[in-house]
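Thanks for asking me to look this one over with you. Here are my notes, written as numbered points so that you can follow along.

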Amino acid sequence: MTLAGNPAGRFLSRVGAIAWKEILHIRRDPRTLLLALAMPVAMLLLFGYGVSFDVDRIPLAISDQDRTEASRRLAQAFTENHEFEPVGGADADAADTVFRRRRATAILVVPRGYETDLARGGPARAQLLLDAADPVTANQVLAKADAIALFESRRMASVAGLSAAPPLQVKVSARYNPEARSAVFIVPGLAAYLMAVSAVLLTALTVAGEWERGSMEQLFASPVSRLEIVLGKLLPYLALGLIQLLLVLGVGTNVFDVPVMGSPLLVILAGLLFLAGMLGQGLLISVVAKNQLVATQAGALSSLLPSLLLSGMLVPIDNMPAPLRLLSRIVPARYMVDALRQILLKGNGFARVWPDLLAMLIFAVVIVALATKRFTRRIA
Amino acid sequence: MSAPPDRRPPRAWIQYAAVVRKEVLQTLRDRRVMFMLLFAPFLQTLVLGFAVDFDVDRVPTVVADQDRSQESREHLRRVLADGTLRFAGGADSAEEGAGALDRGEAAAVLVIPPRFGSDLAAGRTAEVQVVLDGTDPNRSNVAAGAVSRYFGEEGLRRAGDRARAAGVSPPARIEIVPRLFYNPSLKSAPYIVPGIAAMLLVVVTTLVTAMGLAREREQGTLEQVAVTPIPAGVLLAAKMTPFVFIGFFDVLLLVTAGTWVFGVPLRGNLAVMALATLLYLLSTLGVGLLISTISSNQQQAFLGGFLFTLPAMLLSGIMTPIDSMPRWMQWLTYANPLRYFQEIARANLLKGGSFADLWPNLLALALFGASIFGLAAARFRKRPG
């Protein structure tokens with residue numbers, strides 16, 4: 001009945017011993033611990049405010065060649081809602097220089113005869129020269145300019161007393177994120193991203209460090225099996241990662257008002273599966289690299305950029321070419337980002353997110369098995 | 001005739017060449033490091049260039065046509081025709097369509113209410129309802145914009161018809177005619193690829209310098225070099241030289257891949273790009289060096305490098321526009337060398353920006369680089385080993 005007499009008990013006590021050793025490591029390096037916990041929160045605050053696609057106060061230069069009441073009224077319509085910010089006059093011929101020096105993103109050119117055209121009832125045209133180098137901003141500028149032109153046309157129609165009731169109206173409502181705030185979209189993605197990066201790199205570095213310093217050989221000299229070493233090393237970091245996740249989500253919900261519509265327990269389950277995979281990936285990298293410099297570069301290459309770009313966190317996966325869509329399927333962050341959005345924003349339950357959970361589970365099992373297999377008791 | 005030192009190259013030069021040779025040998029010997037420095041950036045450029053595409057089109061849309069008239073069918077056909085929205089199924093009511101949003105099968109629901117056609121014909125206000133999955137604000141804005149634009153223009157046309165029917169002159173219309181400079185097809189890749197250059201260089205140079213030096217300090221080899229008669233300044237210059245070459249090589253690779261694969265135009269003078277790369281490397285290497293002087297092992301050096309790199313990348317305007325940041329953060333980006341380099345790279349390659357256009361950015365990079373590198377070198381000199 002003693003713990004030592006039972007093979008499962010022996011297994012657990014050995015895993016526990018390795019885990020305890022790892023916890024002591026973490027505890028004796030308070031700087032790393034502080035960084036592991038404070039860094040994701042600080043980054044979330046920074047990126048939650050800074051990473052956004054919503055552009056307003058777009059710098060707009062105005063070239064008013066008409067110089068009439070109507071042309072001034074149009075210029076005012078562009079700037080009165082602070083969607084565009086006037087940065088002074090500009091010559092349409094000098095557009096290239098204005099854009100190269102980033103003095104303005106767009107130039108509104110109101111040609112001579114604009115007011116006369118309006119009075120005549122014919123279409124009055126104004127030109128919008130646009131620095132389209134950045135397509136995201138350019139699309140928003142185009143949409144805003146269209147909306148302003150439509151609004152102005154309608155306003156003039158109603159001033160003329162033409163149609164009190166507009167013949168057509170569009171009522172738009174958005175679910176899950178009614179105010180269309182970028183933070184609601186970005187924060188769940190950021191949470192997954194920050195966890196991916198810190199989990200992969202933390203394990204990759206600590207284990208590669210043990211190879212470099214030779215303390216891994218000492219572990220091999222003890223009667224502990226490969227799987228026991230791997231599990232023992234992963235468990236403390238799993239706990240650390242879970243604390244990170246809760247911290248980050250706590251900040252996300254309190255500071256950025258990200259809703260929690262679904263079950264927090266489901267979030268924790270998803271987090272555990274995701275972390276297990278990420279930690280396994282870090283372990284595999286360190287086992288293969290055995291050198292901190294190579295391990296970080298490989299870690300950065302395999303987690304920093306794919307988790308940022310192939311996870312759907314910032315860039316929609318639907319737009320990618322087929323080979324990359326396929327590649328994104330082996331990026332666990334993709335499933336975590338989706339699961340978090342489903343649970344937090346849409347309030348979906350297990351019935352909807354199980355495919356995500358299953359995918360993360362498969363990734364975790366495969367990667368930990370691979371790491372264990374490569375973890376041969378070879379002495380360098 | 002009486003100046004003997006001129007016959008031999010100066011001693012500093014010999015020392016410099018010796019350390020450069022050692023560094024090159026050391027780098028060449030580790031195949032994995034070579035791979036990381038030269039091939040990986042190329043691979044990343046390809047993947048990222050293809051992956052980053054913010055265009056919103058073919059938004060899956062469920063249509064609930066409760067009117068089922070000739071009129072409503074015609075409008076639905078036309079609003080779906082421009083490619084922004086894609087028909088993803090029909091529904092009987094807005095609620096049923098919203099279920100498709102919950103299940104993630106659609107991102108928009110378009111509802112044409114009953115009596116839509118007869119309201120229009122009778123001159124009453126006919127209302128179209130759009131329910132969006134607002135999770136991704138960029139996507140929902142574009143989808144809402146497409147519907148509003150279509151029905152807005154349709155409404156104006158109808159108002160004109162009504163006015164004419166009533167014998168009044170129709171209301172005047174304002175049209176905004178856009179003219180797109182530099183990237184008229186609004187593709188993401190030509191804009192993103194030059195930005196990636198800024199990102200990759202910082203990963204390759206800052207992190208590798210910080211960790212490489214921390215490693216030498218850990219292993220004690222830096223101390224061995226420090227006891228030789230080589231002055232710290234020469235040692236430093238020689239250690240940085242291979243990275244300058246690697247950095248230039250990576251930029252060259254990137255520009256080549258960018259033009260051939262992603263259609264990045266080369267409108268500007270490449271000498272501006274070369275000067276910018278040199279000044280930028282001064283900054284990124286300086287930051288790496290500074291981090292290595294304040295950390296005692298590789299792990300700390302990595303964390304330090306990471307703490308600089310990640311915010312510097314995400315808050316540089318490479319992925320999301322600087323204009324969309326809060327004001328205080330926009331000011332902070334002036335202290336970010338990545339901001340200047342990505343602006344120069346984009347303005348130079350895409351817009352043909354010349355030295356006369358870009359000198360403020362170049363000056364800022366030079367100032368930042370000189371001060372951070374100077375600070376790091378001073379610290380390194382005090383404690384090389």
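1. Chain B has a mean pLDDT of 85, with 96% of its residues at 70 or more; pLDDT is the predictor's confidence in each residue, from 0 to 100. Chain A averages 84, and 96% of the residues score at least 70. The model as a whole scores ipTM 0.80 and pTM 0.81.

2. A word on conventions. This is a predicted model, in which local features need pLDDT of at least 70 and side-chain atom pairs count only at pLDDT 80 or more, while totals for chains, interfaces and linings use all residues. Residues are numbered from 1 along each chain as its sequence is written, and chains are lettered from A and ligands numbered from 1 in the order in which they are written. Helices (H or I, at least four residues) and strands (E, at least two) are DSSP runs, numbered from the N terminus.

3. Both chains come with two domains, whose bounds are from an automatic or database domain assignment. In chain A, domain 1 covers 3–51 + 180–374 and domain 2 covers 58–159. In chain B, domain 1 covers 15–52 + 189–382 and domain 2 covers 59–157. Taken over C-alpha atoms, the centres of domain 1 and domain 2 of chain A are 49 Å apart; for domain 1 and domain 2 of chain B the separation is 49 Å.

4. How many residues does each chain bring to the contact? Chain B brings 100 and chain A 97, where two residues are in contact if their C-beta atoms, placed from the backbone, lie within 7 Å. On the side of chain B that touches chain A, the elements giving two or more residues include α2 (31–51), β4 (126–133), α7 (189–219) and α13 (337–351) of chain B. The most comes from α6(B), with 20 residues. That side of chain B divides into 56 nonpolar, 21 polar and 23 charged residues (Ala, Val, Leu, Ile, Met, Phe, Trp, Tyr, Cys and Pro count as nonpolar, Asp, Glu, Lys and Arg as charged, and the others, Gly among them, as polar).

5. Now please look at the sheet ordered β5(A)-β4(B)-β3(B)-β1(B)-β2(B), an open sheet of five strands with mixed pairing. Two strands pair if DSSP finds at least two bridges between them. Strand β5 (residues 168–175) of chain A runs parallel to β4(B), and eight bridges join them; here Gln169(A) stands opposite Glu127(B). Within chain B, β1 (residues 59–65) and β2(B) pair in the parallel sense over four bridges, with Val59(B) opposite Leu85(B).

6. Two helices of chain B lie across that sheet. α4(B) lies across β5 of chain A together with β1, β2, β3 and β4 of chain B, at about 170° to β3(B). α6(B) lies across β5 of chain A and the β1, β2, β3 and β4 strands of chain B, at about 170° to β5(A). These angles run from 0 to 180 degrees between N-to-C directions, with axes as lines fitted to C-alpha atoms, for helices over the stretch in contact. α6(B) has 29 residues and reaches 41 Å from its first C-alpha to its last, close to the 42 Å expected (1.5 Å times one less than its number of residues). After α6(B) comes Gly167(B), whose phi is positive, near 80°.

7. Another open sheet of five strands has the order β2(A)-β1(A)-β3(A)-β4(A)-β5(B), with mixed pairing. Why is one side of β2(A) and of β5(B) left without a neighbour in the sheet? Both stand at the edges, each with a single partner strand, so one side of each has no neighbour there. Neighbouring strands of this sheet are turned by 30° against each other on average, direction ignored.

8. Within chain A, β1 (residues 58–64) and β2(A) pair in the parallel sense over four bridges, and Pro59(A) stands opposite Glu85(A). Helix α3 (residues 69–79) of chain A lies across β1, β2, β3 and β4 of chain A together with β5 of chain B, running at about 175° to β1(A). Helix α6 (residues 135–159) of chain A packs on the sheet too, touching β1, β3 and β4 of chain A together with β5 of chain B, and its direction makes about 165° with that of β5(B).
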